[in-house]
Amino acid sequence: MAFSKKVAVKVAIAAGGRCCFPGCRELLTEYGSNLSEFAHISGDKKKSARHDSSLSEEYRQSAENAAAMCLKHHKVIDDNPEDYSVVDIHEWKSKHEEWVKNNNKTVDLLAFKIKEINELISRGDIGKAQNNLDFIEEIAENEGTEYHAQTLVLKARCLRFYEKHEDAAEELKYFVQKNPSVILTQLAYAEILLTFGNSEYLREIIKRTRH
Ligand SMILES: [Zn+2]
């Protein structure tokens, strides 16, 4: 069984979206659409590597028991359980998370993801873009106004792809009111209002930015 999306998001954020195998740190580019990039530290099934029948099913599927790992290293640890113990993997995971925290790697992950989502939208791959957006939403909010604004605009772009202009406007509305100085969201909001024939808002922004 793969971890739930909620668990995967939690683990991925703490790992900066990178493999925690010592010396690897590969960016898990498929993260968001491929939940197999998370290894069970103590094996999922009876015959899985590092399985411990004394653990509860709930613990087994929890974030505590999940490690972000590239496909190559996921295979390495599962094929050689005698070489890599539960204790080893827990240690890698916590060292890796420490490194992520100390080196601000979460911001790198965000920047990478935002670029990737932009490309997905341009290609018309909206489902995948939205899936990735769900993954970064929480981090973006925590990393400040600029990132939050960028993800909201991306979300609105996805909705507009499906002609859901009202939903797109709704997505931005609160943020726009609260952050009048963030031009990116102001313009995106004004652009949506234009589709409803409302050009007043755009005029207002232009007037405001001239002063
Ligand atoms: Zn790796």
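Analyst: In this predicted model, the chain is split into domain 1, residues 5–102, and domain 2, residues 105–210. Their C-alpha centres are 32 Å apart. Where the two domains touch, domain 1 supplies 10 residues and domain 2 supplies 11. On the domain 1 side, the largest share comes from helix α1, with 3 residues. That side of domain 1 consists of 5 nonpolar residues, 4 polar and 1 charged.

Helix α1 itself covers residues 5–14, and its buried residues are A8, V9, V11, A12 and I13. As background, an α-helix has 3.6 residues a turn, so positions three or four places apart point the same way. The cover over the buried residues of α1 includes both β1 (38–40) and β2 (66–68), along with the helices α5 (105–123) and α6 (126–142). Just past the end of α1, G16 adopts a positive phi of about 60 degrees.

For the setting of this helix, the chain contains 10 helices and 2 strands, in the sequence order α-β-α-β-α-α-α-α-α-α-α-α. Of its 211 residues, 34% are buried. Taking contacts between residues at least 6 apart in sequence, 61% link residues at least 24 apart. Along the principal axes, the C-alpha atoms occupy a box of roughly 70 × 35 × 30 Å.

Definitions and conventions:
Residues are numbered from 1 along each chain as its sequence is written. This is a predicted model: local features need pLDDT of at least 70, side-chain atom pairs count only at pLDDT 80 or more; totals for chains, interfaces and linings use all residues. A residue is buried if 20 or more other C-beta atoms lie within 10 Å of its own, exposed if 12 or fewer, and partly exposed in between; C-beta atoms are placed from the backbone. Helices (H or I, at least four residues) and strands (E, at least two) are DSSP runs, numbered from the N terminus. Two residues are in contact if their C-beta atoms, placed from the backbone, lie within 7 Å. Domain bounds come from an automatic or database domain assignment. Ala, Val, Leu, Ile, Met, Phe, Trp, Tyr, Cys and Pro count as nonpolar, Asp, Glu, Lys and Arg as charged, and the others, Gly among them, as polar.
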